Amino acid sequence: MVAWKVETVRPLPGYRLEVTFADGLRGIVDLSDVPHVGVFASWDDPAYFELVSVNPETKTACWPNGEDVAPDAMYDEVKQRQASAA
């Protein structure tokens, strides 16, 4: 099992995602600092950002135009947030 594979994803206000990973880790990923340029230009429309889903083949958080976010980086962010909160 690869711990950082995404099992569920839910969009939250402010360009954040609630993510559950294969090992059961669950938390919030803040993507508000990702520039809305290049491949992420579509994120200028908050309604588009809310179309996030889990790609069943790659187990990543992805959007209809093929954008995705590195799941290992999201996993690390959630782990760091939880360690800081402890």
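**Sheet, core and aromatic contacts in a predicted model**

Trp63 is buried, at 3% relative accessibility (buried means under 20% relative accessible area, exposed over 50%, and partly exposed in between, with a 1.4 Å probe and protein chains only). The structure is a predicted model, in which local features need pLDDT of at least 70 and side-chain atom pairs count only at pLDDT 80 or more, while totals for chains, interfaces and linings use all residues. Residues are numbered from 1 along each chain as its sequence is written, and side-chain values use heavy atoms, with hydrogens and water left out.

An open sheet is formed by three strands in the order β1-β2-β3, with antiparallel pairing. Helices (H or I, at least four residues) and strands (E, at least two) are DSSP runs numbered from the N terminus, and two strands pair if DSSP finds at least two bridges between them. From one strand to the next the twist averages 25° (axes are lines fitted to C-alpha atoms, for helices over the stretch in contact, and angles run from 0 to 180 degrees between N-to-C directions). Helix α2 (residues 71-85) packs on the sheet and touches β1, β2 and β3, where contact means heavy atoms within 4.5 Å. The direction of α2 makes about 110° with that of β3.

The antiparallel strands β1 and β2 (residues 16-21) are joined by six bridges. Across this pairing, Val9 stands opposite Val19 in β2, and Arg10 stands opposite Glu18 in β2. The two strands form a hairpin with three residues between them, and Gly14 in the turn has a positive phi of about 80°.

Tyr15 lies in the loop between β1 and β2. Tyr15 counts as buried, at 18% relative accessibility. Its phi is near 55°, a positive value in a residue other than glycine. Most residues other than glycine have a negative phi. Leaving aside residues up to four places away in sequence, Tyr15 touches Val29, Asp30, Leu31, Ser32, His36, Trp43, Asp44, Asp45, Pro46 and Phe49. The C-alpha atoms of Tyr15 and Val34 are separated by 9.0 Å, with the two residues 19 apart along the chain. A positive phi near 55° is also found at Lys59, in the loop between β4 (53-54) and β5 (61-62). Lys59 is partly exposed, with a relative accessible area of 24%.

The largest nonpolar core has 20 residues (a nonpolar core is a set of buried Ala, Val, Leu, Ile, Met, Phe, Trp, Tyr and Cys residues joined through side-chain atoms within 4.5 Å). Within this core, the residues with the most contacts are Leu17, Val19, Phe21, Leu31, Trp43, Trp63 and Met74. Two or more residues are given to this core by each of β1, β2, α1 (46-49) and α2. In soluble globular proteins, nonpolar side chains tend to be buried together.

Six aromatic pairs are present. Rings of Phe, Tyr and Trp (its six-membered ring) pair if their centres lie within 6.5 Å; planes under 30 degrees apart count as stacked, over 60 as edge-to-face and the rest as tilted. Phe21 and Tyr75 form an edge-to-face pair, at 5.1 Å centre to centre and 85° between the planes. This pair links distant parts of the chain, with Phe21 in strand β2 and Tyr75 in helix α2, 54 residues apart. Phe21 is buried, with a relative accessible area of 1%, and Tyr75 is buried, with 11%. The rings of Phe49 and Trp63 have centres 5.5 Å apart and planes at 35°, so their pair is tilted. Phe49 in helix α1 and Trp63 in the loop between β5 and α2 are 14 residues apart, and their pair links distant parts of the chain. Phe49 is buried, with a relative accessible area of 2%. Ring pairs link Tyr15, Phe40, Trp43, Phe49 and Trp63 into a cluster.
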